[in-house]
Amino acid sequence: MTEQPTRPTRLRRYALRTVTAVVIVVALVIGASFAATAVLHIPSPPTLLGLLLDPPSTQGLLFASRTVAASPTPRPLPVASESLPATVPWRGSQIPVAQFLGDTHTNAFLVLRDGVLTTEWYGEGVEPTTPQSSWSVAKSVVSLLTGQAVAAGKLREDDRLTRILPELATGGGYDTITIRDLLDMTSGIDVPENYHRYLPLTGTARMYLTEDLGGFVRAHRSLRFTPGSMGDYRSVDTQLLGMAVAKVQGRSVSELLQRDIWGPMGAQDDALWNLDTADGQEKAFCCLNATARDFAKIGQLVLAGGRAGSTQVVPPEWLERIRVPAPHPVGAWHYGAQWWHPSGGDGQDISAVGVYGQYIYLDPPSGTVIVKLSDHGTTQDRQETIDVFRAIAGR
């Protein structure tokens with residue numbers, strides 16, 4: 001006679017089968033997730049999870065990158081003490097600077113006066129040597145590399161993009177896009193500026209995630225308007241600009257930055273420029289991860305007419321190109337050669353601006369450079385922040 005299993009034995013068997021079934025289902029879901037991300041040419045599920053959980057300032061650590069080595073002859077910033085205003089304007093009232101920094105989730109805040117570091121403040125967990133993501137501040141760095149290529153005779157603003165990158169030719173209106181159009185955000189390319197973390201497969205968010213930038217730009221060659229006819233902020237313009245500069249110079253964007261800017265200006269720390277994939281190409285429209293001090297040196301380089309010490313790093317003609325707004329505004333502000341001209345003021349200040357509250361602000365009349373690196377909202381409080389900078393600059 002066969003012995004019947006006891007109730008506890010049956011329960012154990014049922015539990016084991018249930019656990020086994022759950023494990024199999026989970027394994028299938030995970031496997032499908034990895035397979036799906038591979039097909040879509042986007043990062044694996046653990047990286048995508050990191051993008052949901054990590055602050056924007058540190059997300060560069062989730063991606064492949066190329067190192068931009070510190071200068072062999074670094075130039076530490078001279079330091080002096082200077083008090084900031086007791087209060088600054090903010091949304092119709094006056095608040096202490098410390099409150100402004102806290103309310104806008106600031107990680108690093110530096111002020112230079114005539115090349116001297118007069119204010120250096122860091123949030124909790126951030127040090128002077130902590131690299132942080134530039135986001136679209138990188139666009140203004142690509143501008144400087146473009147100016148060097150133009151001065152070297154490797155590139156002209158009138159050059160058509162498809163002359164440099166013939167694999168992008170369509171036989172249509174896209175082929176009329178010029179380097180000038182890319183510089184001034186007038187290309188008309190239909191890639192919307194989407195930063196929604198929960199809708200990551202469209203527009204700029206998809207370009208940020210893709211592991212095939214070449215395939216992405218080939219797949220996005222439709223136009224919203226005739227190139228050169230109006231301004232419309234499009235990160236894809238800078239991506240294409242970076243690809244064109246790399247092509248005519250015969251080096252990656254990171255290599256160009258290290259050789260032609262980072263080294264000559266005396267950068268103190270290594271930087272990382274994120275790539276679409278290991279040994280791939282740079283996300284030129286964003287994702288230069290560097291210290292606040294070295295971002296400040298970029299600002300000082302531009303403020304000083306492209307000079308670092310006795311070295312002319314960026315041609316002065318290109319700095320004049322940046323200072324003159326392009327004919328077509330981009331949204332509420334004017335724009336020129338990948339640098340913003342904020343509304344209000346006397347029209348002499350300019351700024352590199354990145355999503356989530358990244359700034360390199362320059363006020364030539366007062367000799368002021370301000371760097372603010374943050375984990376703030378996507379595009380909020382930009383004009384209000386510029387008004388704070390103007391107050392600090394004494395304008």
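**Salt bridges, a pocket and a patch**

Tutor: Asp184 sits in the loop between helix 6 (179-183) and helix 7 (203-209), where helices (H or I, at least four residues) are DSSP runs numbered from the N terminus, as are strands (E, at least two). This is a predicted model, in which local features need pLDDT of at least 70 and side-chain atom pairs count only at pLDDT 80 or more, while totals for chains, interfaces and linings use all residues. Residues are numbered from 1 along each chain as its sequence is written, and side-chain values use heavy atoms, with hydrogens and water left out.

Student: Is Asp184 buried or exposed?

Tutor: Asp184 is buried, because its relative accessible area is 6%, and buried means under 20%, exposed over 50% and partly exposed in between (1.4 Å probe, protein chains only).

Student: Which residues is Asp184 in contact with, leaving aside its neighbours within four places in sequence?

Tutor: Those are Arg321, Ala326, Val330, Tyr335, Gly336 and Ala337, where contact means heavy atoms within 4.5 Å. Asp184 is also linked with Glu157, Asp158, Arg180 and Arg321 in a network of salt bridges, a salt bridge being a side-chain nitrogen of Lys or Arg within 4 Å of a carboxyl oxygen of Asp or Glu.

Student: How many salt bridges does the structure hold?

Tutor: The structure holds 16 salt bridges. In one of them the side chains of Asp159 and Arg163 meet at 3.0 Å, N to O; Asp159 counts as buried because its relative accessibility is 2%, whereas Arg163, at 52%, counts as exposed.

Student: What about Asp387, which residue does its side chain meet in a salt bridge?

Tutor: The partner of Asp387 is Arg390, at 3.7 Å, N to O, and both lie in helix 13 (residues 382-393), three residues apart, about one turn of the helix. Here Asp387 is partly exposed, with a relative accessible area of 30%, while Arg390 is buried at 8%.

Student: And which residue forms a salt bridge with Asp232?

Tutor: That is Arg224, with the closest N and O atoms 2.5 Å apart, and Arg224 counts as partly exposed because its relative accessibility is 46%.

Student: Changing topic, how much space lies in the second largest pocket?

Tutor: About 210 Å³ of space lies in the second largest pocket. Of the 13 residues that line that pocket, the closest to its centre are Arg75, Met265, Gln300, Ala308 and Gly309. Helix 11 (292-303) and strand 9 (307-308) are the elements that give two or more residues to the lining, and helix 11 provides the largest share, three residues. On a 1 Å grid over the protein atoms alone, a pocket is an open set of points where a 1.4 Å probe fits, with protein on both sides within 12 Å along at least five of seven lines, and lining residues have an atom within 4 Å of a point. The volume is the space filled by probe spheres set on the points, which are joined across faces, edges and corners.

Student: Back to loops, where does Ser134 lie?

Tutor: Ser134 lies in the loop between strand 6 (132-133) and helix 4 (137-151), and Ser134 is buried, with a relative accessible area of 1%. Not counting residues up to four places away in sequence, Ser134 touches Cys286, Cys287, Leu288, Phe295, Gly354 and Gln358.
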